[in-house]
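I opened my notebook today to look up a few things in a structure. Come along and follow the entries with me.

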Amino acid sequence: MSSGIPLNDQDRVPWLQILHDIIIREWSSGRNVILACSALKKLYRQIMAMGSEILDSVTDEEKYPRKDLLFVYLHGTIELITKRLAARKGHYMAENLIQSQFDVLEPPAEPENFITVEIAKSIPEIVAEIENALCNYGNCSS
């Protein structure tokens, strides 16, 4: 991406599997985990939840979506995201790749386990909304 070429599905699978492994490792140790990544497609979220073996199965709707995994979809307009990226200094992603990200985006939908948070809000508002959702989900920090 730093060279101006968008990643394809094949490029993403290994690091999505690593994220899946981190989730499983932390859960196995009795800890909750929060990861941030651009899981743009349902397939990417499935790999994070189930591992890359999901690629070998025709359908795994019995196991997916996992109800013990909550995705937070940070929703924003292409204009807002472009403006924020332009304000970043030294960011690896070229502005001309933003459209390619929107082109492949598959927003979460039922039956996936997710919440949508608008990024036009302030950071404290965004954090409070996510914390509230996690608390309602049974993972209160206080």
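**Entry 1: a side-chain pair**

I started with Glu 112 and Arg 45, whose side chains are joined by a polar contact of 2.6 Å. I kept in mind that this is a predicted model. Where does Glu 112 sit? I found Glu 112 in the loop between helix H4 (98-104) and strand S2 (114-118). Is Glu 112 buried or exposed? Its relative accessibility is 6%, so I wrote down "buried", since that word applies under 20%.

**Entry 2: two helices**

Next I reminded myself that two packed helices are described by the angle between their axes and the distance between the axes. For helix H1 (residues 9-28) and helix H2 (residues 42-50), I noted that the axes come within 7 Å and cross at roughly 35 degrees. The crossing of H1 and H2 is right-handed.

Which residues meet there? On the H1 side I listed several, including Val 13, Leu 16 and His 20. On the H2 side, Leu 43, Tyr 44 and Ile 47 are among them. I sorted the residues of this contact into 10 nonpolar, 2 polar and 2 charged.

I then looked at Ile 47 by itself. Beyond its neighbours within four places in sequence, Ile 47 touches Val 13, Leu 16, Gln 17, His 20, Ser 52, Ile 54 and Leu 55.

**Entry 3: the cores**

The largest nonpolar core has 14 residues, and Leu 16, Tyr 44, Ile 47, Met 48 and Leu 69 have the most contacts inside it. H1 and H2 are the elements that give two or more residues to this core. H2 gives the most, with 5 residues. I also noted a second, separate core of 7 residues, which includes Leu 70, Val 117, Ile 119 and Ala 133.

Terms used: Residues are numbered from 1 along each chain as its sequence is written. This is a predicted model: local features need pLDDT of at least 70, side-chain atom pairs count only at pLDDT 80 or more; totals for chains, interfaces and linings use all residues. Side-chain values use heavy atoms; hydrogens and water are left out. Axes are lines fitted to C-alpha atoms, for helices over the stretch in contact, and angles run from 0 to 180 degrees between N-to-C directions. Helices (H or I, at least four residues) and strands (E, at least two) are DSSP runs, numbered from the N terminus. A crossing is left-handed if the near helix is turned anticlockwise from the far one by less than a right angle, and right-handed if clockwise. Contact means heavy atoms within 4.5 Å. Ala, Val, Leu, Ile, Met, Phe, Trp, Tyr, Cys and Pro count as nonpolar, Asp, Glu, Lys and Arg as charged, and the others, Gly among them, as polar. Buried means under 20% relative accessible area, exposed over 50%, partly exposed in between (1.4 Å probe, protein chains only). A polar contact is a pair of N or O atoms within 3.5 Å; within protein, one must be able to donate a hydrogen and the other to accept it, and residues adjacent in sequence count only if both atoms are side-chain atoms. A nonpolar core is a set of buried Ala, Val, Leu, Ile, Met, Phe, Trp, Tyr and Cys residues joined through side-chain atoms within 4.5 Å.
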